[in-house]
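User: I should like to learn how to read the packing features of a protein model. Please give the general idea each time, and then the case at hand.

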Amino acid sequence: MSCFTIYQDNHTDSTVISNRFIDEYMQDANDAQLKIYLYLLRMMSASRATSISDIADLFNYTEKDVMRALKYWEKHHLLTLDLDEHKNVIGIHLRDFNTPSPAASVPIAAQPAALASVVPIASKFNSVESGKQAAAELPQQFLTDSPEQAAEASIDNIYVKPNYTLDELKAFKSDESTARLLFVAEQYLKKTLSATEVKTILFISDRLAFSEDLIDYLIQYCVDRGKKELRYIEKVAVSWAQQGVTTPGQAAKLAGRYDKSVYEIMKALGKNGTPTKTEVAYITRWTKEYGFDTDIIFTACERTVLATDKHRFEYADRILASWQKSGVHSVNDIQSLDEHYRRTKPSRPASGNKFNQFTQNSYDFEALEQELISN
């Protein structure tokens, strides 16, 4: 017996949208979030399969834009993402508005067999390249301009601020925690943040994965040191991230390692910002290994700045190493060393040039500079 089709005269091709969605959720969502949620309703009502890449192609978004919108609605408990063991999206459960907030997503194999509102996701993770595709699509910390860039992202370039899209900024601003972050930043900096500065906060929050508490401490830390520029705050954030700081307590412990004298020495050499590990190693050598007081180090810094614009830490280190070998323990010892050098240095024929009549130091700067250049 042949199969037959049943027709209905009053059938309407429509998608039902809850009034509660319109009243409570639509006004805070951005264009991408609205389009993607409505499209999911359409796919669900038609029992049609789709995929992250299909949605991205349809609306001319990146796959990260799609994932970000899905995460937004999951956070607001309007849907649940069904994940496989590799954290790939294989289904989307559109939840009833009257259903209590769901628990965290679990693999679909562990969920009830019958779900009334599931949008099936066409699987594209069916080859040995699945891991690379998942890496290109899912991780929030690799926000680049395309999935291909995300797949190629390395540990180094997570510390480089990407070019965020308008939708990414809108999604960021619509998040409840963002309002708190921007309010905190504006209170500390005493100004309204520009679009560029908002991007910096987004970068620190999203890509560097700083918590609200850590960002609060970061901004307060910089402002307390008279640094209110977001560029400076960004550099400090990157420095902390590179050193594994994830909590305010760790940041305080790291900052405590550098007392006031460290920053004064940095400033004496014309350096600003948080010292690098190499710079700290030099300063530690001068204070701990050589046992010099800051007045001796400042003297070496002063002579370094007058002598060169480059390799200043290396230059100052050579001076201080020379003084350490000569038994210098005070500024008076340096003056005595200078006097001894003047007395023992072979005299040169007078040139009559008045600029040759200044007092010479105990250190051969020309020889040092040549040595540094040769290295």
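User: Which residues have the most contacts inside the largest nonpolar core?

Analyst: In soluble globular proteins, nonpolar side chains tend to be buried together. In this predicted model, the largest nonpolar core comprises 34 residues, and those with the most contacts inside it are Ile201, Ile204, Leu208, Phe210, Leu218 and Trp240. At least two residues of this core come from each of the helices H7 (166-174), H8 (176-189), H9 (195-207), H10 (212-224), H11 (230-242) and H12 (248-256). H11 provides the largest share, 8 residues.

User: What does Ile204 touch, leaving aside residues up to four places away in sequence?

Analyst: Ile204 touches Ala209, Phe210, Ile215, Leu218, Ile233, Glu234 and Ala237. Tyr25, Ala69, Leu70 and Leu83 are among the members of a second, separate core of 28 residues.

User: How many residues of helix H4 are buried?

Analyst: Burial here means under 20% relative accessible area. In H4, 11 of 13 residues are buried, including Ala69, Leu70 and Trp73. The length of H4 (residues 63-75) can also be checked: at 1.5 Å a residue it should span 18 Å, and its end C-alpha atoms are 18 Å apart, which agrees. Just after H4, His77 has a positive phi of about 65°.

User: At what angle do helices H15 and H17 pack?

Analyst: Angles under 35 degrees count as roughly parallel, and 65 to 115 as roughly perpendicular. H15 (residues 294-307) and H17 (residues 331-344) pack at about 45°, their axes 9 Å apart; the two helices are therefore oblique to each other. Asp295, Ile296, Thr299 and Arg303 of H15 meet Val331, Ile334 and Asp338 of H17. By class, this contact has 3 nonpolar, 1 polar and 3 charged residues.

Definitions and conventions:
Residues numbered from 1 in each chain as written. Predicted model: local features only at pLDDT ≥ 70, side-chain atom pairs only at ≥ 80, totals over all residues. Heavy atoms only, no water. Axes fitted to C-alpha atoms, helices over the stretch in contact; angles between N-to-C directions. Helix = DSSP H or I, 4+ residues; strand = E, 2+ residues; numbered from the N terminus. Parallel < 35°, antiparallel > 145°, perpendicular 65-115°, else oblique. Contact = heavy atoms within 4.5 Å. Nonpolar A, V, L, I, M, F, W, Y, C, P; charged D, E, K, R; others polar. Core = buried A, V, L, I, M, F, W, Y, C linked by side-chain atoms within 4.5 Å. Buried < 20%, exposed > 50% of the residue type's maximum accessible area, 1.4 Å probe, protein only. Expected span 1.5 Å × (residues − 1).
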